[in-house]
Structure formats: structure tokens, C-alpha cells
Amino acid sequence: MTETGFEKVPARDRRRFPGISSRAYEHPADRSALVALRKLSGFDTVFKALSGLLPERSLRLLFLSDSVRVGETQFPHLHAMLRDACYILDLEKVPQMYVQQDPRPNAMCIGLDEPIIVVTTSLVELLDEEEMRAVVGHEVGHALSGHSVYRTILLFLTNLALKVAWIPLGNVAVMTLVTALREWFRKSELSADRAGLLVGQDVTASMRGLMKLAGGNHLHEMNVDAFLEQADEYEKGGDLRDSVLKILNMLPRTHPFTTVRAAELKKWSQSRDYQRITDGHYPRREEDKDTSVTDSFRESAAHYADSVRTSKDPLFKLVGDIAGGAADMGGRLRDKFTGAGAGSGGGSGTDTASEGRGGATGQG
């Protein structure tokens with residue numbers, strides 16, 4: 001495979017997804033934001049203008065001068081994984097990849113015009129081949145979705161917040177935007193985890209990789225099922241005070257907690273959406289221009305509503321109960337004033353209407 005074309009097939013037999021749109025694997029909240037931005041008139045022009053203000057050129061020179069560029073003669077096994085990932089997701093132009101000396105296991109995809117993938121030496125040493133393949137697929141998924149653009153902006157705004165901290169209300173304004181971007185970016189990480197699974201096509205390897213990020217290179221001391229049980233305990237454990245603490249712990253982060261990522265990926269791997277993609281039924285890039293912003297936001301809203309309805313978290317359960325009670329009360333008041341609830345038949349109709357509204361909240 002060349003830098004702009006494909007001459008080799010993946011190292012082992014994996015399904016390829018020609019023309020796949022990133023919408024196929026994007027988390028609903030991530031997808032709705034991206035669809036809206038892509039539809040925004042003048043979006044490309046604005047960000048090309050911004051590229052002169054953002055430190056992209058400086059970052060490229062930094063990695064070129066102080067990291068190792070992956071290629072056929074340097075880290076060739078990573079180069080092969082990168083080409084395989086681009087082949088599977090049908091990303092025509094292979095991004096440049098660098099290995100950076102760092103004791104912290106990490107990987108990122110940044111850049112406005114051309115994405116750059118960076119992995120740290122600690123991550124390379126921590127993961128086996130199939131686990132690393134999922135990580136490379138994760139970063140290629142970021143590139144295909146265009147997440148690198150927004151991550152670069154997030155880095156820029158975070159640095160800007162530090163510089164304007166002395167200006168009255170200046171830091172507050174910037175940090176409000178940063179907080180919103182972080183919430184979106186956490187969802188984009190879930191999207192990229194799904195892309196990593198589509199590339200690696202080994203859910204066990206994806207689980208192992210996430211588990212190692214949490215507990216280090218002690219795989220013989222860890223268990224995937226027990227790790228997933230932690231995620232369940234985290235979600236449903238404690239009381240309302242713990243729910244608030246979870247939110248406060250999450251706000252400064254750009255990534256979801258590792259156990260949560262593992263549970264979300266496991267759930268998606270068992271979903272009908274994942275099965276349809278592997279069967280070859282998925283949105284195509286050529287259809288992106290016809291995507292409805294309204295439909296995307298509706299799907300996102302439905303996802304959040306369903307998350308609240310099915311969550312085991314004490315705060316979310318309370319919100320769901322209040323919402324359900326309000327809907328039921330609204331139905332009773334309506335029936336009282338319209339007379340729809342009169343008689344035994346009307347009473348039955350009230351219950352049906354209430355159930356109908358509940359179903360719409362969960363699915364619409």
C-alpha cells in the first residue's frame with residue numbers, strides 16, 4: 001500500500017468496509033455535533049483561517065524533530081498496522097504516525113489540514129499486537145471522523161484559558177466552551193473505540209487493551225469479566241452524593257473512565273448496529289451530504305433519554321422517576337380537563353396514553 005493507495009491486504013483475514021461513513025460507528029451525541037458542523041456554511045473557510053492562529057505547524061515540527069516517524073524502516077510493525085487500519089476503514093491518505101518517548105501510555109490524533117497520529121513508547125511497550133491494532137484503529141477512526149480538528153482546537157482553548165485567567169470573567173468564558181468541548185470529546189472517544197473494534201475485529205483484544213490502560217502490564221493478575229463488573233458497580237453504586245461526585249470527577253477529563261469505555265464497547269459489540277456493519281450494511285461517505293441535522297439531533301436526544309431511563313445511577317434514576325411522574329401527572333390533568341378519563345374505558349385509555357409517551361421518550 002502506498003501513502004495514497006492500497007497494494008496489500010491486512011495481515012490476517014479481516015472484513016473491509018469500502019466507502020464506510022464515520023456515521024456508522026459514531027456515538028449519537030458525537031454524530032449529531034459533527035453532522036451539524038459539516039452542514040454549517042463557511043465551516044471549512046473559518047477553520048482554514050484558524051489554522052494560522054493554532055500551533056499546528058509548530059506541533060508538526062516538534063514531532064518531526066523530537067520523535068520517531070513510523071515507516072517501513074522505523075517501527076515497521078506499527079507502519080503495517082496503520083496501513084491495515086486505513087485499508088479496512090477505506091481512508092485513502094495514510095496519516096503520518098510518530099512514536100514519542102513518554103512514560104505515560106497515550107495516543108492521540110491531532111491536526112487541522114492533515115491529521116498526525118502520535119503514540120507513546122510506554123503504550124507500544126504495554127500492548128501486544130492485537131491490542132495495539134485496536135488502538136491504531138481507534139486513532140484512524142478519529143482521523144476519518146475529523147476529530148483531530150476539534151481536538152487541536154480543544155488543546156488551543158485549554159492553553160488560552162490559562163493565559164487569560166487574570167482577565168475578569170475571561171477565564172470563565174473560555175472554560176465554559178472548554179467544558180462543552182470536553183463533553184463532546186468524551187463521546188468522540190467512544191466513537192473511536194468502536195472504530196478500533198471495526199479495525200481489530202477482536203473484542204477480547206480491545207477489552208484487554210483498555211484493562212491494561214487501567215491496571216498496567218499485569219494481565220495475569222486481571223480478569224475482563226471482573227473489570228466489567230467494576231463498571232456496573234460504578235454506575236449503580238452509592239447514593240445521590242456519589243452521583244454528584246462522579247460528575248465532578250468527570251468534568252475536567254477529555255476521556256471517559258476506562259471501565260466505562262470497556263462496558264460501552266462491549267455493549268456496542270453485541271448490538272444490532274455492529275452486526276449490520278459487519279454484514280456490510282452501513283452508511284456510505286457518498287451519502288454524508290444528504291444527512292439530516294434534525295434527524296441526527298433527534299437520535300442524540302433519544303439516546304440521552306434512553307440512557308436516563310435505563311441508567312442504574314441513583315441521580316439518573318431520580319431524574320427518570322421525576323420525568324415519568326411528570327408525564328403521568330400531565331396525562332391525568334389533560335384527561336381531567338378533556339373528559340377523556342371518564343368511565344372505566346377512559347381510565348384504560350389514560351394508562352395507554354401514558355405508556356405511549358414513555359415509549360416515545362425511550363425510542364424517538
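User: What should I know about the model and numbering before we start?
Analyst: It's a predicted model, where local features need pLDDT of at least 70, side-chain atom pairs count only at pLDDT 80 or more, and totals for chains, interfaces and linings use all residues. Residues are numbered from 1 along each chain as its sequence is written, and side-chain values use heavy atoms, with hydrogens and water left out.

User: Why is Glu131 called buried?
Analyst: Buried means under 20% relative accessible area, exposed over 50%, and partly exposed in between (1.4 Å probe, protein chains only). Glu131 comes out at 1%, so buried is the word. Glu131 sits in helix H6 (residues 129-145); helices here are DSSP runs of H or I with at least four residues, strands are E runs of at least two, and both are numbered from the N terminus.

User: What does Glu131 touch?
Analyst: Leaving out residues up to four places away in sequence, Glu131 touches Leu126, Ala205, Arg208, Gly209, Lys212 and Leu219. Contact means heavy atoms within 4.5 Å.

User: What makes Arg14 and Glu130 a salt bridge?
Analyst: The term asks for a side-chain nitrogen of Lys or Arg within 4 Å of a carboxyl oxygen of Asp or Glu. For Arg14 and Glu130 the closest N and O atoms are 3.0 Å apart, and the pair forms a salt bridge. Arg14 lies in the segment before helix H1 (28-39) and Glu130 in helix H6, so the pair ties together parts that are 116 residues apart in sequence.

User: Are those two partners buried or exposed?
Analyst: Arg14 is buried, at 7% relative accessible area. Glu130 has 18%, so Glu130 counts as buried too.

User: What about Glu130 and Arg133?
Analyst: Their side chains also meet in a salt bridge, at 3.6 Å from N to O. The two are three residues apart in helix H6, which means about one helical turn between them. Salt bridges that share partners join Arg14, Asp84, Glu129, Glu130 and Arg133 into one network.

User: How do you know that the buried residues of H10 line one face?
Analyst: Phe227, Leu228 and Ala231 are buried in H10. Seen down the axis of H10, its buried residues fall within an arc of 100°, so they line one face of the helix. The arc is that of the directions from the helix axis to the C-beta atoms. On the face turned away from the buried side, H10 carries the exposed residues Asp225, Glu229 and Glu233.

User: What covers that buried side?
Analyst: The cover over the buried residues of H10 includes helix H9 (203-215) and helix H12 (258-269).
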